Amino acid sequence: MELNEIISLLTNTSVTIIVIAFFMYRELKFSATLQNTLQALVDTVCELKNSIERSKD
């Protein structure tokens with residue numbers, strides 16, 4: 001391989017790796033935020049359920 005081919009290969013590969021890493025990081029952060037939001041929703045629904053059950057008694 002010539003030097004130009006090696007440089008081109010490294011450049012193309014590094015850009016691909018950076019793009020994939022960025023999307024993986026973004027997905028990880030989004031998933032964590034989504035998990036926290038869903039847990040807050042579950043907690044709220046449980047509290048509402050408990051409140052309704054207490055008001056019936």
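F30 sits in helix α1, where a helix is a DSSP run of H or I with at least four residues, a strand is an E run of at least two, and numbering goes from the N terminus. The model is a predicted one, so local features are kept only at pLDDT of at least 70 and side-chain atom pairs only at pLDDT 80 or more, while totals for chains, interfaces and linings draw on all residues. Residues are counted from 1 along each chain as its sequence is written, and side-chain values rest on heavy atoms, with hydrogens and water left out.

The overall picture is quickly told: the protein has one helix and zero strands. Helix α1 covers residues 3–56. The C-alpha trace spans about 80 × 10 × 5 Å along its principal axes. The radius of gyration is 25 Å, whereas a compact globule of 57 residues would come out near 10 Å; the radius is taken over C-alpha atoms, and the globule rule is 2.2 Å times the number of residues to the power 0.38.

As for burial, 0% of the 57 residues count as buried (buried is under 20% relative accessible area, exposed is over 50%, and partly exposed lies in between, with a 1.4 Å probe and protein chains only). The protein exposes about 5400 Å², and carbon and sulfur atoms supply 67% of that; the areas come from the Shrake-Rupley method with a 1.4 Å probe, and for residues only the protein chains shown count as cover.

F30 also belongs to a nonpolar surface patch, together with L34, L38, L41 and V45, and the accessible area of the group is about 480 Å². Patch members need over 30% relative accessible area and no salt bridge; nonpolar side chains (Val, Leu, Ile, Met, Phe, Trp, Tyr) are joined within 5 Å, and like charges within 9 Å. A salt bridge here is a side-chain nitrogen of Lys or Arg within 4 Å of a carboxyl oxygen of Asp or Glu.

T13, another residue of helix α1, is partly exposed at 36%; its C-alpha is 49 Å from that of C46, at a sequence separation of 33 residues. Q35 is in helix α1 too and is partly exposed at 49%. Between Q35 and T11, 24 residues apart in sequence, the C-alpha distance is 36 Å.
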